[in-house]
Every structure is written in structure tokens, then in C-alpha cells.
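Load the model in a viewer and keep the selection panel at hand. The tour goes from the contact between two parts to each part in turn.

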Amino acid sequence: MLEQPLHTGVSLPIPVNQPLLDGNEKRYLNQCIETGWISSEGPFVRQFERALAKRTQRQQGIAVSNGSVALEVALAALGIGQGCEVLLPTFTIISCATAVIRAGAIPVVVDADPLTWNMDVTQVEAKITPQTKAIMVVHIYGLPVDLDPILALAQKYGLAVIEDAAEAHGQTYRGRPCGSFGDISTFSFYANKLITTGEGGMLMTDDPHLADRCRALRNLCFQPQQRFIHDDLGWNFRLTNLQAAVGVAQLERWDEFIQRKRRMGALYTELLTGLPGLQLPLAKTDYAENIYWVYGVVLEETVSLTAREVMARLGEAQIGTRPFFWGLHEQPILHDLGLLTEVACPVAEKLARRGFYLPSGLALTEAQIFTVAHTLQTILRQD
Ligand SMILES: *Cc1c(COP(=O)(O)O)cnc(C)c1O
């Protein structure tokens with residue numbers, strides 16, 4: 001079902017992630033070297049921006065150096081800073097909180113839904129205050145956030161929406177692409193993302209004014225007319241032509257990669273269904289089918305081993321895993337900053353302690369999935 005990729009003959013050890021780079025990546029990289037276009041000025045950057053904008057039904061894409069800084073640029077472009085509150089899930093990567101805090105704004109977190117692991121949208125409205133300026137939604141692990149209620153709240157209270165689609169390339173919400181919902185949406189192209197450039201990111205928007213702001217902010221706010229006179233402070237967050245060349249090659253395989261992920265997820269589910277004590281990812285909700293960016297599992301109370309212990313045993317069998325996110329409201333650094341000190345989010349607290357994900361990279365073979373599932377079964381049956 002999943003063909004053996006050309007470059008991996010071995011089945012062990014099984015890394016948590018290995019990308020597939022056997023399309024046109026080398027060819028396009030050679031073009032960069034041969035033409036001398038290696039900086040952000042090269043043609044692949046625009047090509048990559050246009051191709052992803054097309055895929056996500058957006059007017060504009062602005063490539064940046066990674067998905068974390070894409071969030072920083074998004075907040076700056078939307079004018080979110082000092083004193084503003086930003087609502088976001090607690091169960092997410094630190095990048096989301098870092099961007100909010102570096103902008104001078106205040107993160108306000110929402111607990112996760114126990115089944116989809118996404119922000120529990122029923123808890124959002126109660127957290128809105130007169131200082132709330134934006135909602136940062138983050139699609140987690142393979143299922144999108146339930147966006148309709150969020151978009152309705154944003155409309156009702158006049159809030160900006162930032163959509164972090166770093167884990168949702170190729171995913172849709174009620175048939176519309178993830179990455180098309182925010183005033184600004186962002187992607188990451190880190191090596192474990194569905195489309196990778198090694199390191200990289202992109203902002204997507206339909207608003208030409210916001211797009212211009214993002215382009216200026218990523219490039220030190222140089223001005224087109226008077227290059228070295230600055231009206232604002234930006235960053236150098238440019239993506240190189242070399243990275244974009246890899247991105248263009250990766251995007252050519254968008255549909256194939258999505259199918260492959262879904263088949264991998266379905267196979268894990270087939271092999272692990274019925275194993276007592278293990279919560280598996282939902283195959284679908286009423287608004288989306290899981291794309292299994294990573295295949296997460298959660299140990300139920302009946303299992304006496306902790307996630308760490310199960311991961312250690314898988315590690316002894318040369319199988320790589322990663323723990324789930326540790327909630328923002330439990331981060332020592334945020335407490336040191338006086339943030340989120342009195343917040344309880346019981347679902348995220350359980351996910352952090354009981355959840356982890358199995359090898360999920362695109363280069364994973366069917367035989368490796370069998371090995372992982374079999375090893376996990378053996379560990380849990382001995383428990
Ligand atoms: C990976 C990821 C990021 C950060 O992207 P980088 O390119 O690694 O900086 C941000 N948000 C989410 C949800 C991610 O999964």
C-alpha cells in the first residue's frame with residue numbers, strides 16, 4: 001500500500017519523522033546553484049508564494065524564514081501590541097505564546113477538546129474582554145479547529161483572526177482549505193511538516209494592505225522609493241531561493257502527500273483499534289476528515305504506565321516518538337513572567353501527561369507501521 005521510498009532500505013531504527021525529498025528538489029536546487037540565485041531575491045520564492053496561495057485559495061503568500069516568525073509578523077501587521085489580549089489554545093507549541101508576548105500583548109488560553117485535541121470553542125466567548133483584539137486558532141495534529149463558531153465570535157466582537165495552519169497543509173474545514181480562514185493565516189515548512197523546506201514559513205492573506213505590511217516587516221521595512229530611510233522597524237525574516245526551490249518541488253506532490261498521510265493514519269487505526277487503554281485520533285468530525293499530520297495516541301487511566309514510560313520502551317525498540325505539547329498555562333517561563341499562573345485546563349493537563357505521537361513522517365513504510373503497532377501492542381498487553 002505504501003511503497004518503500006527509494007532512499008531507505010532499512011526498517012530499523014524507525015525515526016519519528018523522515019521527510020520525502022525524492023521529487024524535483026535536487027533539480028531545482030541545482031538550478032539555484034547554476035544561476036547563482038541563492039538569496040531571497042531568486043525566482044523560486046515568488047513561485048512558491050504563488051503556488052501555495054493558489055492551493056489555499058488566497059490572494060497573497062509572503063514567505064518567511066519559519067512558522068514561528070510568521071506569527072510575529074502576523075501580529076505586528078495587524079497592529080496587535082501593548083495591552084491587547086489574544087485568545088489562543090493552551091495545547092499548542094510555545095511559538096504561539098512567544099509571538100504574543102514579544103508583541104507586548106497578553107496571552108489568554110482556552111482548554112482543549114478531549115477528542116479532537118483542538119481548542120474547545122465552547123469556552124472561548126467567556127474569555128473575551130474589552131481588551132481582546134484577536135483569536136489565534138491553531139489546528140492540532142491533523143484535525144482542524146471548529147472554525148464557524150470562532151468566526152461568528154470574531155464578527156460579533158470585532159476581533160482579528162490569526163489562523164496557525166502549520167500542522168494543516170492540505171486539510172479542509174467544511175470543504176474549504178485550512179490557511180484560508182484567518183485575516184492572516186500562517187504555515188511552517190519545518191522538516192516534520194507535510195510540505196518542508198528544511199526551515200521556512202509563509203503568511204497568507206487576501207488583504208493587499210496587510211500583504212504589503214507583511215512584506216515590509218519581513219524585509220527590515222526597506223522602502224521601495226527611499227530604500228535606506230525607515231518609517232518603521234522590521235526584521236530580516238526572508239526565505240532563501242534555495243529553500244523555496246525545495247518548497248516548489250514539495251508542493252508538486254501535495255495531493256500525493258495528503259493521500260499518503262491519510263493511508264498511514266488509517267493503517268495505524270486499523271492495527272491499533274481494540275487495544276485496551278489507548279485513545280486513538282478521531283478519523284473524522286462533521287466538518288473534516290483527519291489528515292494525521294502526526295498520529296497521536298493518549299493512554300487512558302486504566303494503563304498504569306505513563307506516556308514517558310511507554311515512549312521509553314518504544315525507544316528501546318528503536319522506535320522514535322514525541323510527547324504531546326505541554327500546555328502554555330503550565331510553562332515555567334510564563335509563570336516567571338506572571339502569566340497564566342491561576343489557570344486550570346484539565347484536558348490539556350491530561351493530554352500533556354498521557355499523550356504522545358508515533359512515527360509519522362512521509363518516508364515511513366507500511367512494514368515500519370506494522371512494527372510500531374505490534375511493539376506498542378506488546379508493551380500495553382504486558383501492562
Ligand atoms: C511547527 C509549528 C510552528 C512553528 O513553526 P517553525 O517553522 O518550526 O518555527 C508554529 N505553530 C505550529 C502549530 C506548529 O506546529
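The model is a predicted one: local features need pLDDT of at least 70, side-chain atom pairs count only at pLDDT 80 or more, and totals for chains, interfaces and linings use all residues. Residues are numbered from 1 along each chain as its sequence is written, and side-chain values use heavy atoms, with hydrogens and water left out.

**The two domains**

Select 25–251 for domain 1 and 254–381 for domain 2; such bounds come from an automatic or database domain assignment. Their centres, taken over C-alpha atoms, are separated by 25 Å. Each side gives 41 residues to the contact, where contact means heavy atoms within 4.5 Å.

Next, show W117, Y141 and L194: they supply 21% of the area that domain 1 buries against domain 2, more than any other three residues.

How many salt bridges are there between domain 1 and domain 2? The count is 1, a salt bridge being a side-chain nitrogen of Lys or Arg within 4 Å of a carboxyl oxygen of Asp or Glu. Select D255 and R55 to see side chains that meet in a salt bridge, at 3.4 Å from N to O.

On the side of domain 1 that touches domain 2, the elements that give two or more residues include α2, α4 (94–102) and α7 (241–251). Helices (H or I, at least four residues) and strands (E, at least two) are DSSP runs, numbered from the N terminus.

**The sheet of 7 strands**

Now colour the open sheet of 7 strands, ordered β1-β9-β8-β5-β4-β2-β3 with mixed pairing. Two strands pair if DSSP finds at least two bridges between them. At the edges are β1 (60–64) and β3 (106–110), each pairing on one side only. From one strand to the next, the twist averages 20 degrees.

Zoom to β2 (residues 85–89) and β4 (residues 132–138), which run parallel and are joined by 3 bridges. Which residue of β4 is the bridge partner of V86? It is A134.

Then select helix α2 (residues 43–55), which lies across β1, β8 (184–188) and β9 (201–205) at about 130 degrees to β1. Axes are lines fitted to C-alpha atoms, for helices over the stretch in contact, and angles run from 0 to 180 degrees between N-to-C directions. Within α2, E49 and R46 are 3 residues apart, which separates them by about one helical turn. Their side chains meet in a salt bridge (3.5 Å, N to O).

**The sheet of 4 strands**

Move on to the open sheet in the order β10-β11-β13-β12, with antiparallel pairing. β10 (278–279) and β12 (322–323) each have a single partner strand, so one side of each is left without a neighbour in the sheet. β12 pairs with β13 (residues 355–358) over 2 bridges; show R322 with its bridge partner Y357 in β13.

Finish with two helices. α9 (residues 307–316) lies across β11 (295–299), β12 and β13, at about 25 degrees to β13. α12 (residues 366–382) lies across β10, β11 and β13, at about 145 degrees to β13.

Methods: Buried area is the accessible area (1.4 Å probe) that two parts lose on being put together, summed over both.
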